[in-house]
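Thanks for making the time this morning.

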Amino acid sequence: MRKALAVLTMAASLLAVPAFAQTGIHRSVTVEKGKTLRIAVITALKKDCSVGEVGGVRVITAPKNGQLAVRSGKLKTPARFRCPNVETPVQGLFYQARPNFSGSDEVSYETRSADGATETYNVKITVTDKPGAAPAKKDGLLEL
């Protein structure tokens, strides 16, 4: 009886632990060692394509083998974007691995849109020695 209870308790705890990991949008990206990777761009565009305030980005889990930088600027949206050819303030989130590091890293961050909606992203980053690594997958956000 105790053994069965211990197994059930352990199974319940294993199911409860990854709850954070199961939330949000998951992505995997690859970057060449020594290069900077653009992870996200957050615009100030509202759903109706009017320009508001940049909602921003909040880092939840920082990378263990690199650093993140948030940069602000302005961009004109491309013709294929949902609000084409609109100049908007933006914030970009960039990753840079430690010098001489290659391997896996991970970051989690939250974005807030100009309309106030929030989304959580979990990104697995592979830092490779090889030039010409696969480009980062697009996540639907405007690219810098």
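Which order do the strands of the open sheet of three strands have? The order is β2-β5-β4, and the pairing in this sheet is antiparallel. When I speak of strands, I mean DSSP runs of E with at least two residues, while helices are runs of H or I with at least four residues, both numbered from the N terminus; two strands pair if DSSP finds at least two bridges between them. At the edges of this sheet stand β2 (36–43) and β4 (66–76), each of which has a single partner strand, so that one side of each is left without a neighbour in the sheet. From one strand to the next the twist averages 25°, where axes are lines fitted to C-alpha atoms and angles run from 0 to 180 degrees between N-to-C directions.

Before going further, a word on where the values come from. This is a predicted model, in which local features need a pLDDT of at least 70 and side-chain atom pairs count only at pLDDT 80 or more, whereas totals for chains, interfaces and linings use all residues. Residues are numbered from 1 along each chain as its sequence is written, and side-chain values use heavy atoms, with hydrogens and water left out.

As for the overall layout, the protein has two helices and seven strands, and along the sequence these follow the pattern α-α-β-β-β-β-β-β-β. Of its 144 residues, 31% count as buried, by which I mean under 20% relative accessible area, with exposed being over 50% and partly exposed in between, for a 1.4 Å probe and protein chains only. If we take the contacts with a separation of 6 or more, residues 24 or more positions apart account for 71% of them, a contact being heavy atoms within 4.5 Å.

The loop between β4 and β5 contains Asn85, whose phi is near 55°, a positive value in a residue other than glycine. As a reminder, most residues other than glycine have a negative phi. A second case is Asn100, which has a positive phi of about 65° although it is not a glycine; Asn100 lies in the loop between β5 and β6 and is exposed, with a relative accessible area of 70%.

On strand β2, I would point to Thr43, which is buried at a relative accessible area of 11%. The side chain of Thr43 reaches the backbone nitrogen of Leu45 at 3.2 Å, and I count as a polar contact a pair of N or O atoms within 3.5 Å, where within protein one must be able to donate a hydrogen and the other to accept it, and residues adjacent in sequence count only if both atoms are side-chain atoms. Thr43 and Val54 are eleven residues apart in sequence, and their C-alpha atoms are 5.8 Å apart in space.

Now to the other sheet. It is an open sheet of four strands with the order β1-β7-β6-β3 and mixed pairing; its edge strands are β1 and β3 (57–61), each of which pairs on one side only. Neighbouring strands here are turned by 30° against each other on average, direction ignored.

How do β1 and β7 run in this sheet, parallel or antiparallel? Strand β1 (residues 25–32) runs parallel to β7 (residues 118–128), and eight bridges join the two; one of the partners in β7 is Asn122, which bridges to His26. By contrast, β6 (residues 103–112) and β7 pair in the antiparallel sense over ten bridges, with Asp105 opposite Ile125 and Gly103 opposite Val127. The hairpin of β6 and β7 has five residues between the strands, and there Gly116 takes a positive phi near 95°.

I will finish with the rings. The structure holds one aromatic pair, pairs being rings of Phe, Tyr and Trp (its six-membered ring) with centres within 6.5 Å, where planes under 30 degrees apart count as stacked, over 60 as edge-to-face and the rest as tilted. The rings of Tyr109 and Tyr121 have their centres 5.0 Å apart and their planes at 10°, so this pair is stacked. Tyr109 sits in strand β6 and Tyr121 in strand β7, twelve residues apart. Tyr109 is buried, at a relative accessible area of 0%, and Tyr121 counts as buried too, at 2%.
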